[in-house]
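Morning, everyone. I have one structure to show you, and I'll keep it short. Here it is.

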Amino acid sequence: MGGTAAFARWLALAACLGGCTYTGAIAGRLEAPGMQPKPIEMSYTTERFGSGGTINTTLPTGEYFTGRYLQITSESTADTFGPGWGGWGPWNPFWGDWGGGDYATFVQNYTGKVIATLFGDQKNTMRCRFALADPAEGMTGGGVGECQITNGETIQAQF
């Protein structure tokens with residue numbers, strides 16, 4: 001009997017390790033000069049392993065955005081960011097209040113925050129940053145943030 005119970009626990013663990021991801025919602029408010037704010041919803045899916053995942057949303061215009069997010073940790077490397085570190089087009093890779101500096105300084109100062117780059121199907125790009133309520137829990141622990149879109153719109157977010 002003990003062998004059967006141990007085998008069942010092993011199977012449950014193997015199933016979880018093979019497929020444990022979490023999908024959650026981010027409530028957002030789309031804003032632009034001269035426009036009434038509009039509610040939107042973003043969704044995120046965590047990766048099985050690591051400190052990242054994907055974020056998706058559709059704006060009221062119908063433009064669909066998808067891309068990767070990464071939680072910055074002391075173990076993050078420049079390779080971890082992939083296209084999230086560069087590729088901001090004409091934008092500075094930092095928000096003004098995040099300061100400048102090199103990659104190592106950025107990681108040291110912003111461990112526990114999340115950055116994301118999302119690409120739209122109508123040629124716009126969105127970059128997001130989030131401050132986590134509980135960095136040990138990652139995105140599932142909630143937080144607040146904002147996104148900037150190349151068309152000038154912004155999104156204020158809470159999850």
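How many residues lie between E2 and E3 in their hairpin, and which residue in the turn has a positive phi? Five residues lie between them, and the residue is Gly50, with a phi of about 100°.

Before I go on, some ground rules. This is a predicted model: local features need pLDDT of at least 70, side-chain atom pairs count only at pLDDT 80 or more, and totals for chains, interfaces and linings use all residues. Residues are numbered from 1 along each chain as its sequence is written, and side-chain values use heavy atoms, leaving out hydrogens and water.

Now the overall layout. The protein chain has three helices and eight strands. Helices (H or I, at least four residues) and strands (E, at least two) are DSSP runs, numbered from the N terminus. Along the sequence, the pattern reads α-β-β-β-β-α-α-β-β-β-β.

Strand E2 covers residues 38-46, and its pairing with E3 is antiparallel, over five bridges. Pairing here takes at least two DSSP bridges between two strands. Thr46 sits opposite Gly53 of E3.

E3 has another partner. With strand E4, residues 64-71, E3 pairs in the antiparallel sense over seven bridges. Thr57 has Phe65 in E4 as its bridge partner. E3 and E4 also form a hairpin, again with five residues between them. Gly62 in that turn has a positive phi of about 95°.

So, is E3 mostly covered or mostly open? Mostly covered: in E3, residues 52-58, five of the seven residues are buried. Buried means under 20% relative accessible area, with a 1.4 Å probe and protein chains only. Across the 159 residues of the protein chain, 38% count as buried.

Definitions and conventions:
Buried < 20%, exposed > 50% of the residue type's maximum accessible area, 1.4 Å probe, protein only.
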